[in-house]
Amino acid sequence: MPFARTHSVAIVGVEGHQVEIEADIANGLVGLLLVGLPDTALREARDRIRAAIVNSAEAWPQRRITVGLSPASLPKRGSGFDLGIAVAILTAAGVVPAAASDRTVFLGELGLDGRLHPIRGVLPAVSAAVAAGFGTVMVPWANAPEAALVPRMRVIGAPSLAAALRWVRGDTCAAGPDAARLFPPNASSPAPAASDRNAIDLADVLGQPLARRAAEICAAGGHHLLLLGPPGAGKTMIAERIPTILPVLDRAEALEVTSIHSIAGTLPPGCPLISDPPFCGPHHTATKAAIVGGGSGTIRPGAASLAHKGILLLDEAPEFARDVLDALRQPLESGQVVLARSGVTARFPARFTLVLAANPCPCASGAGASAACTCTPIAKRRYMGRLSGPLLDRVDVKVEVLPVGRAELLSDGRSAESSCVVAGRVAAARQRAAARLAGTPWRLNAQLPGSELRRHFAPAPAALRPLERAMELGQISARGVDRVLRVSWTLADLAGKPRPDDKDTCYALGLWLGVST
């Protein structure tokens, strides 16, 4: 019977779903019919695959070919199914042995000349293949290092359809650049991508001890940060240097971050594994889809997901559109972005540390230059009002960054600590928090739910008195109380204390209110 079946993977969000590719060749009008909810890019595969097969010196079946992608209810997008469809058609035609493609997943886009082009999302696709019980995957050679990051998977890299067919037919001894090859097993742990961690240092920020301290607190506990000050005070410098004091990602975190960047097509060239916390700083003209993800066709991760396990900097935060800023409220609470489209719901991880940098007024004149400010009090309130109350209520630390004088620059240049020194304290604080939270799904103080915080990690009654007074005065909300308690635990971890005291909660309250202490 002229029928064959191969396997591929469809990506929805960051999750891979097994797809069966069925090819049936029957008598009738010559043509290729593609069914199974394909998108436009996949419908165009009919012409790509025919040209690739012919240009690979294979005979195209001059009969009616029907290709079905199952499950039919799952939307299938992109060109990564090309290789699986081509192998299925040639297997149904009888020129490729059926047993050779059994329990093998095929991923890759075909060029008209038969070359295999790299595709996005190989890492989550191969992970899904392992979860489905497959042991072999064939990918374009350029994607082989990324595919080999997944353990327990036999990875075959092929430069072209002709090379892939030679391997499937049993010619595994072919050599040279035009041959398919088994990717070396030890390539599953490549060296991490080169980074700029050593190019910048927290010691470069002079005359801002409070802002540097706030950056350390946020790095240790995963808290969100607002930096308010005039241009040139060092807001962006501080934000760009927070990744240098964050710990390197562990293996599971690195694979999760790499999967997101693989889908977005932003992996560093030459080395597929992202081991440093990512930093993402979109321009204030970015749309909501660019920040939280989306798109009219294929759903892509946005800046919030690309900053997963790292830093998302919104410089000139009041200049962002109001709906863009408010769209971040969901990922700030849940740690993920949920995008619903017709027939599909995509979920992207988005557990990042948000850093908002803002000028105090539209004319960007700050403290120390008040005589030059031309803004009225109403204009200032309207400008800062672009940052909604619900958004600011989710920011744990708010710091005013004042202009630096000559004396401060000279004195601080001799005492400013380097990123290496601060990173040591951050790592120690995170280890204390992880030990305290052992046995729970949380590892950072900022991740603790309010109910769990009050039930099992409440400070001593004396430490809660500053918060009680603030609530009586209406200075803080119930959500704000939980956030202050989380920051107080981070302060205790940085100081090596078993529990936060009244000084810690008072300092944390001042940071939440935006009061310099």
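Predicted model: local features only at pLDDT ≥ 70, side-chain atom pairs only at ≥ 80, totals over all residues.
The chain contains 21 helices and 17 strands, and its C-alpha atoms fill a box of roughly 80 × 45 × 45 Å along the principal axes. Of the 517 residues in the chain, 50% are buried. When contacts between residues at least 6 apart in sequence are considered, 72% of them join residues at least 24 apart.

The largest nonpolar core comprises 71 residues, and V67 and L312 are the members that touch the most other members. Helix α3 (residues 82-92) supplies the largest share of this core, namely eight residues.

An open sheet is formed by five strands in the order β12-β13-β16-β11-β17, with parallel pairing. Its edges are β12 (279-280) and β17 (397-400), each of which pairs on one side only. Within this sheet, strand β11 (residues 225-228) and strand β16 (residues 353-358) pair in the parallel sense over four bridges, and L228 stands opposite A358 in β16. The loop between α7 (209-221) and β11 holds H224, a residue that counts as buried because its relative accessibility is 6%, under the 20% limit. A polar atom of the H224 side chain lies 3.0 Å from the backbone nitrogen of L354. Residues up to four places away in sequence aside, the contacts of H224 are with C218, L332, F352, T353, L354, R394, V395, D396, V397 and R483.

Strand β5 (residues 104-106) is joined to β8 by three bridges and runs parallel to it, with V105 standing opposite V137 in β8. Strand β9 (residues 154-158) is likewise parallel to β8, to which five bridges join it, and G157 in β9 is the bridge partner of V139.

Helix α4 (residues 122-131) is largely enclosed by the rest of the structure, because eight of its 10 residues are buried. The buried residues in α4 are V122, L123, P124, A125, V126, A128, A129 and V130. Their cover includes the strands β1 (3-12), β2 (15-26), β5 and β8, together with the helices α5 (144-147) and α9 (251-264). The helix is followed by G133, which has a positive phi near 95 degrees.

Two aromatic pairs are found in a search of the whole structure. In the pair of F457 and W489, the ring centres are 6.3 Å apart and the planes stand at 90 degrees, so the arrangement is edge-to-face. Since F457 belongs to the loop between α18 (450-456) and α19 (465-472), whereas W489 belongs to helix α20 (residues 478-495), the pair ties together parts that are 32 residues apart in sequence. Both F457 and W489 are buried. Arginine side chains are also placed over aromatic rings: R103 lies over the face of F134, at 4.2 Å from the ring centre, and R181 lies over the face of W141, at 4.2 Å from the ring centre.

Several backbone features occur in loops. R103, found in the loop between α3 and β5, is not a glycine, yet its phi is positive at about 60 degrees; with a relative accessibility of 38%, R103 counts as partly exposed. A57, in the loop between α2 (45-55) and β4, also has a positive phi, of about 65 degrees, although it is not a glycine. The relative accessible area of A57 is 72%, which is over 50%, so this residue is exposed. Finally, S70 and P71 are joined by a cis peptide bond with an omega of about 5 degrees, and P71 is placed in the loop between β4 (64-70) and α3.

Methods
Residues numbered from 1 in each chain as written. Heavy atoms only, no water. Core = buried A, V, L, I, M, F, W, Y, C linked by side-chain atoms within 4.5 Å. Buried < 20%, exposed > 50% of the residue type's maximum accessible area, 1.4 Å probe, protein only. Helix = DSSP H or I, 4+ residues; strand = E, 2+ residues; numbered from the N terminus. Pairing = 2+ DSSP bridges. Polar contact = N/O pair within 3.5 Å; in protein donor to acceptor, adjacent residues only side chain to side chain. Contact = heavy atoms within 4.5 Å. Phe/Tyr/Trp six-rings, centres within 6.5 Å; stacked < 30°, edge-to-face > 60°. Lys NZ or Arg CZ within 6 Å of the ring centre and 35° of its normal.
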